[in-house]
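Please open the structure in a viewer and keep the selection panel at hand. The stops below are meant to be taken in order.

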Amino acid sequence: MTSIDAIVIGGGVVGGALAFGLARQGLKVKVLDEGDIAYRASRGNAGVVWVQGKGYGCPEYQLWTRRSAEDWPNLAAELLDGTNLDVRLENRGGVVPYFSEEGRDKRQALMEQLRIEAGNAGFEYDMLDRRELARLVPGIGPKVFGASYTAYDGQVNPLNLLRALHAAFLRLGGRYVSNARVTKIEAAPHAFTVRAGVETVTAPKLILAAGLGTVALAPSLGLSVPLEPQRGQVMITERVDQTLPLPVQGGIRQTHEGAFQLGGTAGNTGFDDRTTIQGLSQGASFAVDCLPYLAGVKVVRAWSALRIMSPDEFPIYEQSGEFPGAFVATCHSGVTLAAAHTYRLAKSIAGGALPEELARLSTRRFEKSAANQGQP
Ligand SMILES: Cc1cc2nc3c(=O)[nH]c(=O)nc-3n(C[C@H](O)[C@H](O)[C@H](O)COP(=O)(O)OP(=O)(O)OC[C@H]3O[C@@H](n4cnc5c(N)ncnc54)[C@H](O)[C@@H]3O)c2cc1C
């Protein structure tokens with residue numbers, strides 16, 4: 001039996017960032033992580049720090065994402081300094097292409113929506129015509145009409161990120177236990193006992209950040225967390241000369257080593273995480289439409305992974321009302337939000353309460369109002 005300040009269940013980028021952030025606040029933290037048998041989005045994602053398009057109808061999420069992107073250079077620098085691991089942050093912005101006049105109008109309307117919803121915080125974007133886009137993205141294909149651009153977007157190496165978060169956490173004295181599948185949580189206010197195989201850990205704080213594993217564990221904390229898997233399929237090409245300076249939404253980015261990462265389709269196929277010819281060819285076609293020279297570049301590897309989706313696609317942050325001290329954190333943009341989780345969210349959890357700005361992202365938004373109960 002080991003006593004510590006906080007238990008984090010899940011060692012993906014969300015649990016990893018929170019564990020590191022809590023250790024930065026001086027807490028003694030233990031991470032229990034299931035292992036390779038689990039679904040692990042943090043090991044299969046596209047590595048984009050993406051702001052444009054986040055939070056339509058939810059300005060709180062838009063601003064949370066923006067703040068994370070702003071904090072990202074600090075996170076990258078701190079990880080490099082503390083662990084010597086370079087997450088290769090490139091924050092030169094990003095583009096979303098469209099292929100017709102109608103596509104441009106739709107895109108502009110969405111960008112305007114974000115600008116209006118941002119209120120005083122503002123939201124700066126540009127609508128680039130073909131010529132302007134070609135200056136930014138050389139080799140753009142003839143089918144592309146133009147693109148929206150924001151300077152907020154960027155990219156990192158997602159595997160380096162995961163490794164660096166863990167290394168930084170361990171360096172601050174954190175303990176990480178792998179192959180530790182949590183099967184039982186005994187909860188009381190500010191008193192949690194967690195069992196994972198031979199491990200039994202107690203702590204006054206518990207952070208549930210187990211990705212898709214969150215759904216099964218949340219009820220022991222008096223919480224209901226609705227999440228569904230959403231499959232994404234990704235390809236990596238051989239390494240070629242650097243030609244693409246920033247990510248293109250729809251799944252095209254060039255890594256700092258020169259490989260192109262392509263794809264990122266979205267499919268609701270339950271827990272089926274196999275790749276399909278159809279899914280991969282869809283990603284490849286989009287890439288070749290945007291950058292025709294990619295038709296001559298060889299794909300060397302492909303995989304699929306499951307996103308962790310809430311019903312409205314916004315993150316979920318909650319402290320249990322029944323068992324204060326227990327928190328849940330989950331999102332479908334854990335790379336983008338890694339800085340917000342490390343700095344802002346971890347500090348709030350260490351202080352015992354979630355920030356007011358995240359109230360809109362609690363599970364309460366999924367509760368049916370009394371008036372709706374029982375209606376067909
Ligand atoms: C194809 C694809 C592309 C993506 N691209 C991007 C992108 O470009 N940018 C971006 O920001 N996000 C992207 N995402 C989303 C991002 O990967 C996720 O938001 C993020 O990885 C979620 O991290 P997590 O720690 O919550 O979940 P996970 O990485 O799934 O980690 C959950 C962890 O919990 C552990 N666990 C589960 N159950 C238990 C249990 N009972 N006991 C103990 N441990 C348990 C597992 O072992 C696992 O390590 C993408 C996702 C996919 C699938």
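The tour goes from the ligand to a pocket and then to a cavity.

The model is predicted, so to speak of local features requires pLDDT of at least 70, side-chain atom pairs count only at pLDDT 80 or more, and totals for chains, interfaces and linings use all residues. Residues are numbered from 1 along each chain as its sequence is written, and side-chain values use heavy atoms, with hydrogens and water left out.

**The ligand**

Next, display the polar contacts (pairs of N or O atoms within 3.5 Å). A polar backbone atom of Val14 lies 3.1 Å from an oxygen atom of the ligand. At Arg40, a polar side-chain atom is 3.1 Å from a ligand oxygen, and at Val335 a backbone N or O atom is 3.1 Å from a ligand oxygen. The protein covers 96% of the 1000 Å² of accessible area that the ligand has on its own (Shrake-Rupley method, 1.4 Å probe).

The domain bounds come from an automatic or database assignment.

**The second largest pocket**

Select Asn157, Leu159, Ile236, Thr255 and Arg301, which are the closest to the pocket centre of its 15 lining residues. A pocket is an open set of points on a 1 Å grid with protein on both sides within 12 Å along at least five of seven lines, and lining residues have an atom within 4 Å of a point. The space in this pocket is about 300 Å³, a volume being that filled by probe spheres set on the points. Its lining divides into 5 nonpolar, 5 polar and 5 charged residues, with at least three from each of domain 1 and domain 3.

**The largest cavity**

Finally, select Arg88, Glu90, Gln155, Val156, Asn157, Arg253, Gln254, Thr255 and His256, which line the largest cavity (points where a 1.4 Å probe fits but cannot get out). Its volume is about 50 Å³.

Terms used. Polar contact = N/O pair within 3.5 Å; in protein donor to acceptor, adjacent residues only side chain to side chain. Nonpolar A, V, L, I, M, F, W, Y, C, P; charged D, E, K, R; others polar.
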